[in-house]
Amino acid sequence: MRLDYLTIFPDFFAPLELSLPGKAAASGLLDLGVHDLRRWAHDRHRTVDDTPYGGGAGMVMKPEPWGEAFAEVLSAGSDTGERSTIVFTTPSGERFDQRLAEELSTREHLVFACGRYEGIDQRVIDHAREIAEVREISLGDYVLNGGEVAALAVTEAVVRLLPGFMGNAASLVEESHAEGGLLEYPVYTKPRSWEGRDVPDVLLSGDHGAIARWRHAEAVRRTAERRPDLLTPSVLDDGTPIVRAVPGDAGELLTLQRACWVQEAIANDMLDIPALHESLDDVRAWLGEWDTYVVRRAGRLVAAVRGRLEGSAGDRWDIGRIMVAPDLQGSGLGRVLLEHIQAVAPPAATSYVLFTGAASARNQRMYKKAGFRLRTDLPAPPGAVVLTKRRER
Ligand code: JD8
């Protein structure tokens with residue numbers, strides 16, 4: 001990848017040499033070019049700004065130096081023939097996030113156009129759209145004095161995603177804001193006790209399954225507390241949200257569960273099914289141990305599903321209690337919930353597992369259609385069957 005920077009403060013990018021991009025450039029994995037915009041201002045004072053048409057405070061950056069700079073940098077920059085991408089960092093741009101970082105990391109040539117003063121003459125952006133892909137990107141909803149800081153931040157977020165940059169690519173999967181979007185779980189290192197504060201016992205247990213479950217639960221708790229917006233529910237086709245269950249849902253969940261498992265009992269001609277015998281307290285208890293999602297229609301809780309990490313390595317996402325109100329079965333709700341619970345599985349999960357009645361033909365058809373495989377080689381509760389599915393990344 002090639003990165004070019006157009007700025008009236010080239011020294012702002014000296015840190016590039018020190019950081020990851022600098023090391024990458026040294027190893028030839030990255031080409032960096034920092035250019036003083038005044039190089040393309042040809043008057044005695046190398047003027048790059050002028051007063052705004054229409055009046056108002058401050059100065060606006062003149063178009064001519066930018067036009068000449070693009071012509072030079074683009075022609076020099078893109079030897080792959082692939083269109084270059086000009087990134088204008090601006091408070092009026094699209095919000096920068098991990099998804100955009102991942103998208104930009106696929107480009108061959110990024111040119112950062114870093115404005116100052118009150119901004120850049122709009123005709124520069126309009127012109128740029130004719131000669132390159134253009135992304136106007138904002139770092140966040142606060143005002144900086146120029147685009148350089150944002151260009152540095154975008155650079156770090158993009159370059160660290162490039163293959164071979166991060167020593168341990170696996171860690172990229174586990175990060176905040178990576179796909180699945182939970183915040184980081186708390187981390188600890190030696191000493192085991194500091195200032196009278198001990199490291200949580202589970203982290204010293206060696207039980208990788210328990211550790212994975214604790215970390216996921218901590219990530220979910222923090223996200224719900226600090227960034228509930230990241231827990232944005234996915235929605236059904238009709239816009240109905242799939243939201244995280246709350247303790248107050250326990251009663252309705254118990255009622256829906258009883259209704260659904262009466263059908264399972266009839267279908268499998270057996271009553272000894274745990275879900276059928278659970279109490280309200282049992283439901284309240286497992287709500288605290290499973291990631292549970294519910295769907296409400298006109299206020300009525302009509303469907304639910306739960307998931308949690310299982311297995312000695314904590315890498316198996318155990319899916320269960322897919323329930324749809326009897327009067328809504330056959331409407332595709334179960335299929336959508338099955339897709340949703342797979343999608344929200346934490347990065348640690350590498351496969352999915354679920355159980356259903358040995359005689360629950362409709363359920364088994366839905367799971368097989370969703371890519372699950374009947375596993376007669378794995379132990380199942382009495383009268384039930386196991387289905388598993390490897391997780392595609
Ligand atoms: C580029 C000039 C300053 C902005 C008058 C203050 C990004 N998230 C962000 N906040 N601010 C910027 C940003 C600010 C810039 C320029 C980016 C060029 N300014 C201007 C408009 C109000 N002054 C940014 N990315």
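1. A nitrogen atom of the ligand lies 3.3 Å from a polar backbone atom of T90. On its own the ligand has 530 Å² of accessible area, of which the protein covers 85%; accessible areas follow the Shrake-Rupley method with a 1.4 Å probe, and for residues only the protein chains shown count as cover.

2. The model is predicted: local features need pLDDT of at least 70, side-chain atom pairs count only at pLDDT 80 or more, and totals for chains, interfaces and linings use all residues. Residues are numbered from 1 along each chain as its sequence is written, and side-chain values use heavy atoms, with hydrogens and water left out.

3. Strands (E, at least two residues) and helices (H or I, at least four residues) are DSSP runs numbered from the N terminus.

4. The unreviewed UniProt entry carries a "binding site" annotation that covers G115, L139, G140, D141, Y142, V143 and L144. UniProt positions are given in the numbering used here, feature names are shortened, and annotations may be inferred rather than shown by experiment.

5. D141 is placed in the loop between strand 7 (133-138) and helix 6 (148-159). L144 also lies in the loop between strand 7 and helix 6. D141 counts as exposed because its relative accessibility is 70%, whereas L144 is partly exposed, with a relative accessible area of 36%. Buried means under 20% relative accessible area, exposed over 50%, and partly exposed in between (1.4 Å probe, protein chains only).

6. R107 sits in the loop between helix 4 (98-104) and strand 6 (109-114). It counts as buried because its relative accessibility is 15%. The side chains of R107 and T106 are joined by a polar contact of 2.8 Å. A polar contact is a pair of N or O atoms within 3.5 Å; within protein, one must be able to donate a hydrogen and the other to accept it, and residues adjacent in sequence count only if both atoms are side-chain atoms. Neighbours within four places in sequence aside, R107 is in contact (heavy atoms within 4.5 Å) with M1, E82, T85, E133 and R135.

7. Strand 1 (residues 2-7) is mostly covered, with five of its six residues buried. It pairs with strand 6 in the parallel sense over five bridges, and R2 has H109 of strand 6 as its bridge partner. Strand 1 also runs parallel to strand 2 (residues 31-36), to which six bridges join it; here D4 stands opposite G33. Two strands pair if DSSP finds at least two bridges between them.

8. An open sheet of eight strands has the order 10-11-12-13-14-15-17-16, and its pairing is mixed. Strand 10 (234-235) and strand 16 (373-374) are the edge strands, each pairing on one side only. Strand 16 pairs with strand 17 (residues 384-390) in the antiparallel sense over two bridges, with T388 in strand 17 as the bridge partner of R373.
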